Amino acid sequence: MVEKYVYSFGGGKADGKTELKNLLGGKGANLAEMTNLGINVPPGFTITTNVCTLYYENNENYPEGLDEQVEEALSKVEGLMGKEFGDVNDPLLFSVRSGARVSMPGMMDTVLNLGLNDETVQGVIKQTNNERFAYDSYRRFVQMFGNVVLGMDGAEFEEILEKKKEKLGVDYDTEIPAESLKELVGEFKAHIKETTGEDFPEEPKAQLWAAIDAVFGSWNNERAISYRNINDIPHHWGTAVNVQTMVYGNMGENSGTGVAFTRNPSTGENKYWGEYLKNAQGEDVVAGIRTPKPIAQLEEEMPEIYKQLTDIFEKLEKHYTDVQDVEFTIQEGELFMLQTRTGKRTARAAVKIAVDLEEEGLIDKRTAVGRIEPQKLDELLHRRIDPDAELTILARGLDASPGAAAGKVVFDSDEAAELGKAGEKVVLVRTETSPEDIHGMAAAQGVLTSRGGMTSHAAVVARGMGKPAVAGCEDIKVDYSVEKFTTPDGTVVKKGDFITIDGGTGNVYLGEVPTIDPEMDENFEKLMGWADDFRTMQVRTNADTPEDAEAAVDFGAEGIGLCRTEHMFFDEDRLPIVQDMILADSKAARESALEKLLPMQKGDFKGILKAMGERPVTIRLLDPPLHEFLPDHDELLVEVTKLKASGKDASDKEELLKTIENLHEMNPMLGHRGCRLGVTYPEIYEMQARAIMEAACELKADGLDVHPEIMIPLVAHINEFKLMKGVVKKAADAVIKEAGVDLSYTIGTMIELPRAALTADQIAEEAEFFSFGTNDLTQTTFGFSRDDAEGKFLAHYLDEEVLEKNPFQVLDQDGVGQLVEIGVNKGRSSNANLKVGICGEHGGEPSSVKFCHSVGLNYVSCSPFRVPIARLAAAQAEVNNPHQ
């Protein structure tokens with residue numbers, strides 16, 4: 001039996017439904033669902049995502065039986081509409097659009113008004129008695145077909161169009177008369193023949209299959225691949241193709257088209273939000289070709305249509321229990337719904353909407369918590385314009401995507417991508433963006449456009465990326481030829497000048513404006529409270545200073561999972577003492593230097609322990625190799641050479657150079673560091689243990705119940721741990737005894753070597769806790785040096801899909817993850833009370849957090865600003881995969 005490749009919809013009945021989203025794509029599934037809900041949807045059919053997969057597997061050939069199924073679906077539409085495709089008297093015309101499982105706005109191709117040729121256009125004139133409308137639709141079709149299907153440069157068609165308007169002395173497309181539009185069709189076709197060497201295809205069926213080819217082909221165009229990479233959408237999913245009867249918003253003043261959201265996607269406010277244009281087709285709104293009107297104005301201009309539309313809004317939101325993003329067309333006073341999908345929204349809006357929907361009884365708290373992508377919370381932590389800053393407003397546009405961004409003005413997306421990759425902060429300025437700009441937008445700090453509305457490409461994509469954007473800023477006139485923009489008062493801003501944009505207000509400022517930290521609102525606190533009620537895994541932070549610790553507590557951290565002590569050694573007041581300690585030629589000299597460091601370390605630990613209060617604090621003893629605290633070898637060599645050449649005494653510097661050379665290692669990552677330093681120089685760990693416990697005892701004496709956890713790094717063998725535990729315990733117990741306080745502490749280790757994970761049962765007999773250092777565990781499992789891998793070949797591995805994700809950003813669950821699971825299970829097999837956490841960067845990455853939940857970790861630890869992300873990810877992990 002042949003697989004069903006084509007699903008029809010229309011006339012109040014559809015083959016598909018929402019549950020078939022993976023097969024029909026989001027657009028196709030929702031068109032079917034709206035049809036079944038009794039909403040007026042132009043009839044059509046969907047070719048499944050399976051066909052896309054088979055198309056690429058079979059060297060861009062379609063599966064057997066597809067032709068017949070398309071013919072059958074075509075006949076159904078003809079029956080419903082009472083029209084025939086290709087009929088010269090009353091032709092049926094189609095739109096052909098993509099529709100992936102996950103919305104990818106503007107990334108793939110669309111063809112409208114398909115089925116027009118020199119004969120069928122006469123049928124449209126006859127039926128509508130509107131020659132101008134017919135030729136406007138025809139010129140749009142030829143232009144779009146040339147660009148999308150034949151792969152020609154869209155700008156070339158625009159140039160022909162602009163010359164025509166110039167010749168006629170008109171500003172807008174809508175002012176071009178019918179005869180001139182007819183001439184444009186001929187000019188476009190001539191341009192196609194000249195460029196491709198082929199005539200424009202007149203046969204409607206040939207047009208249809210060419211458009212279907214183009215849409216499937218667009219799944220693998222550069223911008224779609226970039227979008228999928230940025231948004232973590234799998235490349236193997238494929239797209240569906242939707243072939244749908246055309247309806248027209250450009251048939252006069254009683255027609256129009258629009259895009260709307262059932263709630264404000266920027267703020268979450270429970271108000272209809274969107275834009276429309278009278279006498280226009282859909283791409284006019286989305287592409288920002290004309291500046292549209294706010295949806296509320298439709299109530300004044302077409303009250304009956306507005307009432308129908310808002311009734312549909314309510315129906316859809318109740319049915320889907322979420323905010324909907326809809327497209328609609330009004331054709332001569334009749335409303336048609338062309339699409340609905342879950343509306344993309346900012347993080348702030350997502351939080352407010354989730355809380356509001358729960359309070360309205362549409363969803364429960366579990367669903368509300370699951371509605372927010374944890375990674376998107378990062379947007380809420382964006383800095384904003386300092387309200388006390390002195391500001392010079394250059395221009396005002398639309399507040400298209402919130403957040404403040406400053407950077408050098410760049411007008412070209414390729415250049416923005418290049419500079420962004422090099423670490424420069426840029427703001428991409430365009431007349432309007434198109435899908436080809438996706439890579440530049442991704443690299444920029446923010447986006448500014450002079451045209452387009454709140455639903456333009458720039459606005460939608462920036463919101464999806466969490467980038468600040470100001471759109472429709474008509475105050476600025478962009479001149480690409482000299483790479484500058486000008487404001488009404490004559491201010492000229494050139495490439496390389498700094499500007500700041502505020503996507504929350506739509507303001508554009510000259511220069512770099514000071515920004516301040518964001519404030520979490522009541523909705524955020526409420527949602528995070530629900531998340532905390534659900535999650536079973538704790539969230540700690542990685543912090544080395546009291547300031548970082550306090551910031552993390554504000555974000556909900558329940559302790560410190562990693563306090564790195566080496567960062568304290570780099571302070572300019574301490575570095576000379578550290579260097580004295582390293583250069584010491586005897587244990588006594590080393591201990592003398594360490595004695596000077598002890599009160600400094602104690603002060604550090606006291607500040608951090610105090611900031612965390614009664615929350616646990618895991619302090620890692622010295623980890624990096626000693627040479628990191630010494631001057632650069634090559635720079636010192638030059639200095640010594642210069643001193644000797646000038647006849648000055650260089651003996652001290654030469655001694656230091658000799659020490660650096662003695663400490664040199666071929667592979668310092670696997671060299672004399674971590675507990676290996678402690679084994680060689682136990683007095684270092686002894687001093688640190690004393691400093692920790694003296695700080696803790698003083699705070700305990702002051703009435704603060706602190707909980708220090710001392711972590712011994714880079715353990716590979718149980719005997720290393722035993723030896724170092726003995727040193728630490730002896731020093732710690734001596735301090736507690738001397739202080740005369742009742743203080744408990746624990747000693748554990750960081751599991752960051754494969755051998756440690758594989759022998760975790762032995763180590764757990766002595767250790768009271770494990771913390772997985774997944775940064776080093778990833779390096780030692782893959783055999784990668786992170787700096788070398790990320791700098792030299794890892795990007796190529798990702799491009800070639802050797803690896804799906806950067807394993808230093810997203811935990812490699814198949815390899816490194818297995819070692820984590822082995823370590824947890826083996827550790828607890830010999831120590832049932834073993835506390836286990838993770839403190840690598842993966843502790844704040846949502847999919848890695850969910851993995852940590854699944855293998856039974858007690859906590860994850862991450863940077864302060866990622867704590868809310870980890871809290872939400874941990875809650876979703878419990879909701880989706882409850883611990884028994």
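User: How are K606 and E698 joined?

Analyst: Side chains of opposite charge can pair when their charged atoms come close. The rule for a salt bridge is a side-chain nitrogen of Lys or Arg within 4 Å of a carboxyl oxygen of Asp or Glu. In this predicted model, local features need pLDDT of at least 70, side-chain atom pairs count only at pLDDT 80 or more, and totals for chains, interfaces and linings use all residues. Residues are numbered from 1 along each chain as its sequence is written, and side-chain values use heavy atoms, with hydrogens and water left out. K606 and E698 meet in a salt bridge through their side chains, at 2.7 Å from N to O. K606 lies in helix α22 and E698 in helix α26, so the pair ties together parts that are 92 residues apart in sequence. Helices (H or I, at least four residues) and strands (E, at least two) are DSSP runs, numbered from the N terminus.

User: Which residue forms a salt bridge with R690?

Analyst: The partner of R690 is E595, with the closest N and O atoms 3.4 Å apart. This pair also links distant parts of the chain, R690 being in helix α26 and E595 in helix α22, 95 residues apart. R690 is partly exposed at 23% relative accessible area, and E595 is partly exposed at 43%. On this scale, buried means under 20% relative accessible area, exposed over 50%, and partly exposed in between (1.4 Å probe, protein chains only).

User: How many salt bridges does the structure hold?

Analyst: The structure holds 54 salt bridges. Another of them joins K189 and E202, whose closest N and O atoms are 2.6 Å apart. K189 is buried, with a relative accessible area of 14%, whereas E202 is partly exposed at 30%.

User: What lines the second largest pocket?

Analyst: The second largest pocket holds about 790 Å³ of space. Of its 28 lining residues, D623, R673, N775, D776 and Q779 are the closest to the centre. Helix α30 gives the largest share of the lining, four residues.

User: Where is E483, and what is its phi?

Analyst: Most residues other than glycine have a negative phi, and most peptide bonds are trans. E483 has a positive phi, near 50°, and is found in the loop between β21 (477-479) and β22 (484-486). E483 is partly exposed, with a relative accessible area of 26%.

Terms used: On a 1 Å grid over the protein atoms alone, a cavity is a set of points where a 1.4 Å probe fits but cannot get out, and a pocket is an open set with protein on both sides within 12 Å along at least five of seven lines; lining residues have an atom within 4 Å of a point. Grid points are joined across faces, edges and corners, and a volume is the space filled by probe spheres set on the points.
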